Amino acid sequence: MSAWKVICATLVIFLAGLFTGALGVKALLGRPPSVQAPLPPQRLRVEMLGRMTRELQLSEAQRTRVDAILRESQERNREIMALVDPELRDEFRRTVRQLRDELTAEQRRKFDQLLQARNRRGDPGRQGEGAFSRPD
């Protein structure tokens with residue numbers, strides 16, 4: 001199996017788990033899922049640790065081990081994303097180019113405005129360039 005297939009499979013599994021976990025947390029909190037920017041990883045870890053400590057009444061030793069597990073997981077996720085992020089950005093740019101090719105001049109203008117508005121709002125999960133970038 002090629003490295004690309006392994007990376008894609010890992011990414012799909014990671015994203016499915018992230019999505020499922022987010023829905024589970026929302027359900028546990030008793031709030032309906034809403035469209036919001038995802039929490040930065042550090043804050044997500046702190047909130048999850050706090051919730052587990054309260055809801056599951058973790059001992060101090062358990063809290064320390066759970067915190068270590070969450071930190072290690074974040075580091076592994078960061079390493080995985082570092083491997084696939086350039087390819088994801090390239091794929092997104094390719095998709096935006098293809099979408100723009102299907103639009104009229106007026107639609108392209110509005111589409112570009114939507115992309116620019118998204119860039120201005122920012123994406124806490126990205127550094128530097130926005131999650132939506134107009135293709136070169």
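Me: Helices are DSSP runs of H or I with at least four residues, strands are E runs of at least two, and both are numbered from the N terminus. How many helices and strands does the protein chain have?

Reply: Four helices and zero strands, giving the pattern α-α-α-α along the sequence. This is a predicted model, where local features need pLDDT of at least 70, side-chain atom pairs count only at pLDDT 80 or more, and totals for chains, interfaces and linings use all residues. Residues are numbered from 1 along each chain as its sequence is written, and side-chain values use heavy atoms, leaving out hydrogens and water.

Me: What is the span of α2?

Reply: The expected span is 1.5 Å times one less than the number of residues. With 16 residues, α2 reaches 21 Å from first C-alpha to last, close to the expected 22 Å. After α2 comes Q57, with a positive phi near 50°.

Me: Which residues of α2 are buried?

Reply: Buried means under 20% relative accessible area, exposed over 50%, and partly exposed in between (1.4 Å probe, protein chains only). In α2, R45, L49, G50 and R51 are buried. Across the 136 residues of the protein chain, 17% count as buried.

Me: Why does L44 count as partly exposed?

Reply: Because its relative accessibility is 39%. L44 lies in helix α2, residues 41-56.
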